[in-house]
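The structure is shown first, and the points follow by topic.

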Amino acid sequence: MSKKVFSALWAEIEAIGRVSGGGYIRYALDGPDLVLRDWFRNQADRRDMPVTDDGNGNLFAWWGDQWGRGAVLTGSHFDSVPHGGGYDGPLGIVSAFLAIDQLRAAGHQPSTPLAVVAFVEEEGGRFGLPCLGSRLLSGAIDPAKAAALTDRDGITFGEALGATPAGPLPGLKSRFGALVELHIEQGRQLAEPVGVASAIWPHGRWRFDFTGHGDHAGTTKMADRRDPMLTFAYTVLAANKEARLSGAHATMARVEVEPNATNAIPSLVRGWLDARAADTATMDALVEAVTKRANDRAGRDGTDVRVTAESVSDEVTFDTALATRLSALLDDAPILPTSAGHDAGVLSAQVPTAMLFVRNPTGISHSPAESADHADCALGVDALARVLSELT
Ligand code: HGY
Ligand code: MN
Ligand code: MN
C-alpha cells in the first residue's frame, strides 16, 4: 500500500466531526457519526460489499456469504471521546477497506466470508458505557438496559438506534472464526511501525456521588459548611496518590456539579474514576483504597459518598497462539500489552481475536494532539492484508 493511496482515502473522512475547539466530536449515532456511517456504506457499495447491521447499531460490510460460518471480521469504531484524535477507531475501518482492496488486487479468494465492522459507541462518550455495541453483540449487556442508557440531553440509546437493540447474535462462536482489529497505538512502546497485542489491562469506571448541603457562598461560615466539592477534591488527590503507590492508572477527569454556580456551595458533586491496572487484584485494591479515603474525608466534611461501578472490564489475554502466529507472519513484529480498552477485548471472550497496533509517534491519544505517520499507516494496511490473507 502506498502512503499516497492511504492518504487519499483518509482525506475523505479527515474533516468529518472535527471541531473548532480542537480534535473531533463524533458521538455515536449523532451528526458526524451518521455521516461516517453513510461513508462506510458508500465504501462498501464501491466494493460490491452488501452492508447489514446486527440490530445493535454495529455495521457489517460483507465479502462472501453474510453471517456465513467461520467469518473473519476486521474493523473498529468511528466514535471519539470529546475533542479526541481522528485515528483512534477510524484507522481500523479505513485500513480494513484498503486491505480488502489489496487482497482483491492480488487475486485473493477468501476461503471464508470476510466482513468489515464498524462497532457503535466504543468510547461510551454519548451513552456512558464503553464498547456498547460489542457488548450487545456478545451478550455482555442486557438489551433493555442498553436501550435505557441516556445521553446528556436525555435521549436514550434505544431512541437514537430507533429500536430496542437485538442483543446477542445467536451462535456467535461458530459464526465468527476470528476478529482482527487494527488500532493506533495509545502509548509509546512501539519502535517498529506495527505491533501485535498480547493483552488489555483490567479497567473500569466508577461514579462517585458526593452529597452535601447547598448554601450561600457568601453568608455561610466556613465551620458550618458541608461542602461536597472538598470531599471530591480530596478524592481526586487520593486517587492519584494511590495509583502512584500501586503502579496503576487512575484518572478523575469528568465532573458534574449541582447547581454549578459561582456563589452557591454545591449540594452534589458527581465525579467519575477511571481506574486501570496490570492485574485485577491491583485495580480492585486501588478502587477500594480510593473509596475508603473518600468516605474517611466525607466523615470530616459532613458529606456523604456513594460509589457506583458503571462498567468494569476484566483482564483480556488475546489468543496467544494467534498473536504469536501473526507476529511471525509480520517479520517478528513486537507483541505488547495495552491499558486501553477495545471492542476486540470484549469479543475475545467468545471469538479468537487479535489486535494490530500502528505506531503512534507521540503516544498521545484521546487528545487533539493524536497523530500518525501515514507511511506507518500504509504499512499497517500491508500488515492487515497479510493477516487477513493468512486467516482466509
Ligand atoms: O477508554 C479506553 O480505553 C478506550 O479508548 N475506549
Ligand atoms: Mn479510545
Ligand atoms: Mn479505540
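The model is predicted.

- Asp88 and Glu123 bring together distant parts of the chain, 35 residues apart. Asp88 belongs to the loop between S3 and helix H3 (90-105), while Glu123 belongs to the loop between strand S4 (114-119) and helix H4 (132-138).
- Asp88 has a relative accessible area of 5% and is therefore buried.
- Glu123 is likewise buried, its relative accessible area being 9%.

**Manganese ion (ligand 3)**

- The protein donors of the manganese ion (ligand 3) are His77 (NE2), Asp88 (OD) and His183 (NE2), at distances of 2.1 to 2.2 Å.
- The spacing of these donor residues in sequence is H-x10-D-x94-H.
- His77, in strand S3 (residues 71-77), and His183, in strand S5 (residues 176-184), are 106 residues apart and link distant parts of the chain.
- Both histidines are buried: His77 has a relative accessible area of 0%, and His183 has one of 1%.

**Four-stranded sheet**

- An open sheet of four strands is arranged in the order S9-S11-S7-S12, and its pairing is antiparallel.
- Strands S9 (249-258) and S12 (304-313) form the edges; each has a single partner strand, so one side of each lacks a neighbour in the sheet.
- On average, and with direction ignored, neighbouring strands of this sheet are turned by 20° against each other.
- S9 and strand S11 (residues 268-276) run antiparallel and are joined by eight bridges.
- Thr251 has Asp274 in S11 as its bridge partner.

**Helices on the sheet**

- Helix H8 (residues 228-246) lies across S9, S11, S12 and strand S7 (203-211), and runs at about 170° to S9.
- Helix H9 (residues 280-301) also packs on the sheet, where it touches S7, S9, S11 and S12. The direction of H9 makes about 5° with that of S7.

Technical notes:
Residues numbered from 1 in each chain as written. Chains lettered and ligands numbered in written order. Predicted model: local features only at pLDDT ≥ 70, side-chain atom pairs only at ≥ 80, totals over all residues. Heavy atoms only, no water. Donors = N, O, S within 2.8 Å, 3.2 Å for Na, K, Ca; no water. Helix = DSSP H or I, 4+ residues; strand = E, 2+ residues; numbered from the N terminus. Buried < 20%, exposed > 50% of the residue type's maximum accessible area, 1.4 Å probe, protein only. Pairing = 2+ DSSP bridges. Axes fitted to C-alpha atoms, helices over the stretch in contact; angles between N-to-C directions. Contact = heavy atoms within 4.5 Å.
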